[in-house]
Amino acid sequence: MGTRVGVVLPYRASNELVAFVESTLDLRAELEFAGAQDGLDDDQLRELSEGVPPGSFAEILEDGSTVYLTHELVAENLGKHARFLLEDGCDAVMICCTMDYPELDAIDRVITPSTVLKHAALVILPAGGTLGVVQPLEDGKEFEIQHWRAFCATHD
(Lines give C-alpha, C1' and ligand atoms only; values in the text may rest on other atoms or scores of the structure.)
Protein backbone atom coordinates (compact mmCIF):
# COMPACT_ATOMS: atom_id res chain seq x y z
CA MET A 1 0.00 0.00 0.00
CA GLY A 2 1.28 3.47 -0.90
CA THR A 3 1.44 6.63 1.11
CA ARG A 4 -1.90 8.05 2.26
CA VAL A 5 -2.14 11.77 2.97
CA GLY A 6 -5.19 13.32 4.57
CA VAL A 7 -6.24 16.76 3.40
CA VAL A 8 -8.56 18.74 5.66
CA LEU A 9 -10.28 21.67 4.01
CA PRO A 10 -11.42 24.64 6.13
CA TYR A 11 -14.93 24.40 4.62
CA ARG A 12 -17.34 21.60 3.87
CA ALA A 13 -15.78 19.42 1.21
CA SER A 14 -17.30 19.76 -2.24
CA ASN A 15 -16.47 18.01 -5.50
CA GLU A 16 -15.27 21.34 -6.96
CA LEU A 17 -13.00 22.15 -4.02
CA VAL A 18 -11.56 18.63 -3.91
CA ALA A 19 -10.90 18.74 -7.68
CA PHE A 20 -9.15 22.11 -7.32
CA VAL A 21 -6.90 20.87 -4.50
CA GLU A 22 -6.12 17.64 -6.37
CA SER A 23 -5.14 19.68 -9.43
CA THR A 24 -2.72 21.83 -7.44
CA LEU A 25 -1.10 19.16 -5.27
CA ASP A 26 1.50 17.11 -7.08
CA LEU A 27 1.90 14.35 -4.53
CA ARG A 28 2.64 10.72 -5.19
CA ALA A 29 0.17 9.67 -2.55
CA GLU A 30 -3.40 8.58 -2.15
CA LEU A 31 -5.31 11.65 -0.93
CA GLU A 32 -8.14 11.36 1.59
CA PHE A 33 -10.29 14.51 1.91
CA ALA A 34 -12.42 15.87 4.70
CA GLY A 35 -13.98 19.26 5.26
CA ALA A 36 -13.89 20.96 8.64
CA GLN A 37 -17.63 21.55 8.61
CA ASP A 38 -18.54 18.19 7.01
CA GLY A 39 -21.59 16.76 8.73
CA LEU A 40 -23.08 20.18 9.52
CA ASP A 41 -26.07 21.31 7.49
CA ASP A 42 -26.94 24.90 6.58
CA ASP A 43 -29.30 25.35 9.53
CA GLN A 44 -26.62 24.19 11.97
CA LEU A 45 -24.07 26.51 10.38
CA ARG A 46 -26.48 29.46 10.57
CA GLU A 47 -27.00 28.74 14.27
CA LEU A 48 -23.25 28.45 14.92
CA SER A 49 -22.65 31.75 13.11
CA GLU A 50 -25.12 33.80 15.17
CA GLY A 51 -23.34 36.85 16.56
CA VAL A 52 -20.07 36.11 14.73
CA PRO A 53 -18.86 39.20 12.82
CA PRO A 54 -17.61 38.92 9.23
CA GLY A 55 -14.02 37.70 9.05
CA SER A 56 -11.84 35.05 7.49
CA PHE A 57 -13.73 31.98 8.73
CA ALA A 58 -16.46 31.97 6.11
CA GLU A 59 -18.68 29.11 4.97
CA ILE A 60 -20.82 29.34 1.85
CA LEU A 61 -24.26 27.83 2.22
CA GLU A 62 -26.27 25.92 -0.37
CA ASP A 63 -28.25 29.07 -1.27
CA GLY A 64 -25.01 30.97 -1.99
CA SER A 65 -25.12 33.10 1.17
CA THR A 66 -22.14 33.29 3.51
CA VAL A 67 -21.98 32.72 7.25
CA TYR A 68 -19.01 33.33 9.52
CA LEU A 69 -17.67 30.97 12.14
CA THR A 70 -15.30 31.46 15.06
CA HIS A 71 -11.65 30.50 14.88
CA GLU A 72 -12.20 28.16 17.82
CA LEU A 73 -14.97 26.24 16.08
CA VAL A 74 -13.05 25.88 12.81
CA ALA A 75 -9.87 24.82 14.68
CA GLU A 76 -11.81 22.26 16.70
CA ASN A 77 -13.40 20.82 13.55
CA LEU A 78 -10.09 20.78 11.65
CA GLY A 79 -8.48 18.92 14.54
CA LYS A 80 -11.35 16.44 14.82
CA HIS A 81 -11.12 15.53 11.13
CA ALA A 82 -7.29 15.45 11.17
CA ARG A 83 -7.29 13.01 14.10
CA PHE A 84 -9.90 10.84 12.37
CA LEU A 85 -7.81 10.66 9.18
CA LEU A 86 -4.68 9.74 11.17
CA GLU A 87 -6.59 7.07 13.09
CA ASP A 88 -7.96 5.81 9.76
CA GLY A 89 -4.42 5.13 8.55
CA CYS A 90 -3.22 8.30 6.86
CA ASP A 91 0.54 8.76 7.12
CA ALA A 92 0.18 12.52 7.52
CA VAL A 93 -2.51 15.17 7.31
CA MET A 94 -2.22 18.55 5.64
CA ILE A 95 -4.49 21.37 6.75
CA CYS A 96 -5.50 23.15 3.55
CA CYS A 97 -5.76 26.65 5.07
CA THR A 98 -3.15 29.33 5.70
CA MET A 99 -4.66 30.70 8.90
CA ASP A 100 -2.82 30.21 12.20
CA TYR A 101 -3.77 27.07 14.09
CA PRO A 102 -1.13 26.60 16.79
CA GLU A 103 -3.40 24.04 18.45
CA LEU A 104 -3.03 21.87 15.33
CA ASP A 105 0.77 22.22 15.25
CA ALA A 106 0.75 20.15 18.45
CA ILE A 107 -0.76 17.13 16.66
CA ASP A 108 1.94 14.77 15.42
CA ARG A 109 2.02 14.31 11.62
CA VAL A 110 -0.24 17.32 10.93
CA ILE A 111 1.17 19.96 8.58
CA THR A 112 -0.14 23.51 8.87
CA PRO A 113 0.76 25.77 5.93
CA SER A 114 0.78 28.86 8.14
CA THR A 115 3.92 27.62 9.89
CA VAL A 116 5.61 26.86 6.56
CA LEU A 117 4.57 30.21 5.05
CA LYS A 118 5.82 32.20 8.02
CA HIS A 119 9.24 30.56 7.91
CA ALA A 120 9.40 31.14 4.15
CA ALA A 121 8.40 34.80 4.55
CA LEU A 122 11.15 35.34 7.12
CA VAL A 123 13.74 33.85 4.78
CA ILE A 124 12.79 35.63 1.56
CA LEU A 125 11.47 38.95 2.83
CA PRO A 126 14.27 41.48 3.12
CA ALA A 127 14.36 43.71 6.18
CA GLY A 128 11.91 46.54 5.58
CA GLY A 129 10.42 44.73 2.57
CA THR A 130 6.78 44.52 1.62
CA LEU A 131 4.64 41.42 1.95
CA GLY A 132 1.65 41.02 -0.37
CA VAL A 133 -1.45 39.40 1.09
CA VAL A 134 -4.02 37.53 -1.00
CA GLN A 135 -7.45 37.00 0.57
CA PRO A 136 -10.28 35.73 -1.64
CA LEU A 137 -13.04 37.27 0.49
CA GLU A 138 -13.36 41.05 0.71
CA ASP A 139 -14.81 40.72 4.23
CA GLY A 140 -11.67 38.95 5.41
CA LYS A 141 -9.11 41.23 3.78
CA GLU A 142 -8.50 43.53 6.75
CA PHE A 143 -8.35 40.59 9.18
CA GLU A 144 -5.66 38.90 7.08
CA ILE A 145 -3.66 42.11 6.59
CA GLN A 146 -3.63 42.74 10.34
CA HIS A 147 -2.58 39.15 10.99
CA TRP A 148 0.48 39.50 8.75
CA ARG A 149 1.31 43.01 10.00
CA ALA A 150 1.40 41.69 13.55
CA PHE A 151 3.62 38.78 12.49
CA CYS A 152 6.03 41.06 10.61
CA ALA A 153 6.16 43.53 13.52
CA THR A 154 7.30 40.78 15.89
CA HIS A 155 10.05 39.67 13.49
CA ASP A 156 11.69 42.97 12.49
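User: Happy to start with Glu72: in which helix is its place?
Analyst: A word on the source first: this is a predicted model, where local features need pLDDT of at least 70, side-chain atom pairs count only at pLDDT 80 or more, and totals for chains, interfaces and linings use all residues. Residues are numbered from 1 along each chain as its sequence is written, and side-chain values use heavy atoms, with hydrogens and water left out. Helices (H or I, at least four residues) and strands (E, at least two) are DSSP runs, numbered from the N terminus. On that basis, Glu72 belongs to residues 71-87, helix α3.

User: Is Glu72 buried or exposed?
Analyst: Buried means under 20% relative accessible area, exposed over 50%, and partly exposed in between (1.4 Å probe, protein chains only). With a relative accessible area of 56%, Glu72 is exposed.

User: And Asp42, is that residue buried or exposed?
Analyst: Asp42 is found in helix α2. Its relative accessibility is 13%, so Asp42 counts as buried.

User: Which side chain makes a polar contact with the side chain of Asp42?
Analyst: A polar contact is a pair of N or O atoms within 3.5 Å; within protein, one must be able to donate a hydrogen and the other to accept it, and residues adjacent in sequence count only if both atoms are side-chain atoms. Contact in general means heavy atoms within 4.5 Å. Leaving aside neighbours within four places in sequence, Asp42 is in contact with Leu61, Glu62 and Asp63, among others. The polar contact, at 2.7 Å, is with the side chain of Arg12.

User: Why are the buried residues of α2 on the same side?
Analyst: The buried residues of helix α2 (residues 42-49) are Asp42, Leu45 and Ser49. The arc here is that of the directions from the helix axis to the C-beta atoms. These residues share one side of α2 because they cover an arc of only 60° around the axis.

User: Which residues are exposed on the other side of α2?
Analyst: What covers the buried residues of α2 includes β3 (58-60) and β4 (66-68). On the other side of the helix, the exposed residues are Asp43 and Glu47.

User: Good to know! Which residue, with a positive phi, follows α2?
Analyst: At the start of α2, a side-chain oxygen of Asp41 reaches to within 3.1 Å of the backbone nitrogen of Asp43. After α2, the residue with a positive phi, near 80°, is Gly51.
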